[in-house]
Amino acid sequence: EQMLKDRELAKKKIIQAVKLAEKMGAEITGLGAFTASVTNGGKEIVSQTKTFITSGNSLTAGITISEIDKILKDKNFKNFRLAIIGATTPIGSVISKILSSKYNLNSLILVGKTPFHINELKNEISRSNKSLTIISTTNLDNIRMADVIITTTSAKGSNIQSNHLKQNAVVYDIAQPKNISEDIINQRKDVKFIDGGLISTPGINYHFNFGIPRETAFGCLAETMILAAENIQDNYSLDKIESQKVEEILELARKYNFI
């Protein structure tokens, strides 16, 4: 709440933290949770530091696609309806493009805040998949028909209610903090809720309680670790995320036995 209320103060604190990391010898800095959101995916602070910057969004998107593959096999979903909340965020945008080209969807529902940006994304996907039915909307009521819902928005809390979710839907929630309230999770036992954006990192003890299972990391953290291990000296996941980078970082995650 504080970060969203005063973005300039938040950005100032983030720059201070990055400079401290730089002073301690860090060569790459990863932005997690709202630190990426309030710095335009890192673009607004990249000139303020000598370290390389990544938002970790490429691996987070890659994990999501990998997990959705598993869900579809488990549920035996075919010709399904997919909804993406926060579709115009860097993660939402790239997974919309990848999943719409990978699967024979019944329909794709793109949910965002700004009609212009949602329609822009809709038109881009339509150009490469002319037969796909795409609904672009700012209204959450439209997700009631979705079999699989991916929520990527960085908004504070969420307006998703139980009546927005169809029977036996799957909700994959990437956002930190989570978009779905505990009340809804407890009410809807028919719906499968998945805490998304997490990746297994066998053998690594973080000596810190992230509130997630042991030897597990957030995608943004794991991406930063991989880039450091590979000595990739470049700003990586800034702003818009490309499909090629998602595939590249997934391959590196497999190399380190994270997937």
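Is N40 buried, partly exposed or exposed? At a relative accessibility of 33%, N40 counts as partly exposed (buried means under 20% relative accessible area, exposed over 50%, and partly exposed in between, with a 1.4 Å probe and protein chains only). The structure is a predicted model, in which local features need pLDDT of at least 70 and side-chain atom pairs count only at pLDDT 80 or more, while totals for chains, interfaces and linings use all residues. Residues are numbered from 1 along each chain as its sequence is written, and side-chain values use heavy atoms, with hydrogens and water left out.

To start with the whole chain, its secondary structure comes to nine helices and ten strands (DSSP runs numbered from the N terminus, helices being H or I with at least four residues and strands E with at least two). The radius of gyration, taken over C-alpha atoms, is 18 Å; this agrees with the value near 18 Å for a compact globule with 259 residues, by the rule of 2.2 Å times the number of residues to the power 0.38. Along the principal axes, the C-alpha atoms fill a box of roughly 50 × 40 × 40 Å. Of the 259 residues, 46% are buried.

Next comes a pair of helices. The axes of α8 (residues 219-229) and α9 (residues 243-255) come within 10 Å and cross at roughly 80° (axes are lines fitted to C-alpha atoms, for helices over the stretch in contact, with angles from 0 to 180 degrees between N-to-C directions). The two helices are therefore roughly perpendicular to each other (65 to 115 degrees; under 35 counts as roughly parallel, over 145 as roughly antiparallel and the rest as oblique). On the α8 side the contact (heavy atoms within 4.5 Å) is made by E223, I226 and L227, and on the α9 side by I249, L252 and A253. The buried residues of α8 include E223, I226 and L227, and G219 and C220 are also among them. After α8 comes N231, whose phi is positive, near 55°.

Positive phi values also turn up in loops. N40, a residue other than glycine, has phi near 55° and lies in the loop between α3 (34-37) and β2 (52-54). H207, also a residue other than glycine, has phi near 55°; its loop runs between β9 (198-200) and β10 (216-218), and H207 is exposed, with a relative accessible area of 70%.

Finally, K19 is found in helix α2 (residues 7-23) and is partly exposed at 40% relative accessible area. K19 and T29 are ten residues apart in sequence, with their C-alpha atoms 9.7 Å apart in space.
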